[in-house]
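Thank you all for coming. I would like to take a few minutes to walk through one structure with you, and I will keep to what can be read from its atoms.

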Amino acid sequence: MKLCFDATRFGAGLEGAIDIASQKGIPCVEYSFEPFPAGGKTGRDLKSKERKYLESVAALSQEKGVEIACLNLLYSHSPGDKNSKKKFLGMMEKLSKVAAVLKCKFVSFYLEPGADEGWKAAFEEDFAELLPIMQELDVVPLLKLSTPSSTRRLSLKKWRAMEPQDWRDLLSGCSGLSLSFSPADCVWLGIDYLQILSGFNAAIEHVEANDVEINRQMLKDSGMFGPLWWRYRIPGKGVVDWSQLIELLKLYEYKGTFSIQLDDEFVAGDLTSLEGALDDGVKKLAPLFKG
């Protein structure tokens, strides 16, 4: 198990992310990308200038001894929607080529569940087109089980989260797919994140270490479909039992990354606040990795 953090909020680019990780003694980083144009073959290919830049980042990564563990595509694909499919496949192919140059093993993405079960079959078709491209580049696709930023402040009346049976169906129908697991999202969805690990540990390659705070009074007053009653916090500021989770992952001989997230709305965007939050996360989690 390797400690990691999402460096996106620092706004320093990939080189800055590597430098921060090196200074903090954190062996891995992940980085997120907003949706970008990737239409046609030329839009999916790397330009020579892009490749040269990425090669310099890869050299810096090797020099500093910091692994770029995962690249995240912050786009929620809607299976069955032709326009969404075109965007999704184009961006995933381009980002996989970026990952290959960076020697990054994983590229993650979000899915938007449909109103009926047909969305899963539609995604299986999309995935069948995507997987050979990623396999040729030696990059593994990760399905993110956390909540997209676009829906975090929305009532469940306006969107639907995936449930464990959806995870099972997608893993069964999409050989080669792995998971980016989020214990915080299990908490607010009422899923026992410790109990469920036994059925999914073989598919989990990345753990998103967001904590979660539940406003019980708001939940009692308005119910699950009322105003937003949960929010992400940094590890140690919410209700996730990190000690039990990490001990269980050790029991399952988990070898993937365990990534501190900085999506806490109480953490300001300035460098001092972000570094303080990251230091707090490391202080909370790193001692639990020992042994």
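Predicted model: local features only at pLDDT ≥ 70, side-chain atom pairs only at ≥ 80, totals over all residues.

Let me begin with helix 10, which spans residues 242–251. Its buried residues are W242, L245, I246, L248 and L249, and they cover an arc of only 160 degrees around the axis, so they sit on the same side of the helix. What, then, covers the buried residues of helix 10? The cover includes helix 7, helix 8 and helix 11, together with strand 7, strand 8 and strand 10. As for the two ends, at the start of helix 10 a side-chain oxygen of D241 comes to within 3.3 Å of the backbone nitrogen of S243, while the helix is followed by E253, which has a positive phi, near 55 degrees.

Next, I turn to T147, which is located in the loop between strand 5, residues 140–144, and helix 6, residues 164–173. Is T147 buried or exposed? With a relative accessible area of 1%, T147 counts as buried, because the cut-off for that word is under 20%. Setting aside neighbours within four places in sequence, T147 is in contact with Y110, R152, W159, D185, W188, W230 and Y232. One of these, D185, also makes a polar contact with T147, side chain to side chain, at 2.4 Å. On the C-alpha level, T147 and A184 are 37 residues apart along the chain and are separated by 9.6 Å.

The second residue is E30, in strand 2, residues 28–33. E30 is buried and yet has no salt bridge, since the nearest side chain of opposite charge, that of K144, is 4.7 Å away, whereas a salt bridge needs a nitrogen and an oxygen within 4 Å. What the side chain of E30 does have is a polar contact of 2.8 Å with the side chain of Q261. Not counting residues up to four places away in sequence, E30 touches Q261 and several others, among them C4, D6, N72, H206 and S259.

Finally, K52, which belongs to helix 3, residues 48–64, is exposed, because its relative accessible area of 64% is over the 50% cut-off. From K52 to T151 there are 99 residues in sequence and 36 Å in space, C-alpha to C-alpha.

Conventions: Residues numbered from 1 in each chain as written. Heavy atoms only, no water. Helix = DSSP H or I, 4+ residues; strand = E, 2+ residues; numbered from the N terminus. Buried < 20%, exposed > 50% of the residue type's maximum accessible area, 1.4 Å probe, protein only. Lys, Arg positive; Asp, Glu negative; His and termini not counted. Polar contact = N/O pair within 3.5 Å; in protein donor to acceptor, adjacent residues only side chain to side chain. Contact = heavy atoms within 4.5 Å. Arc of directions from axis to C-beta.
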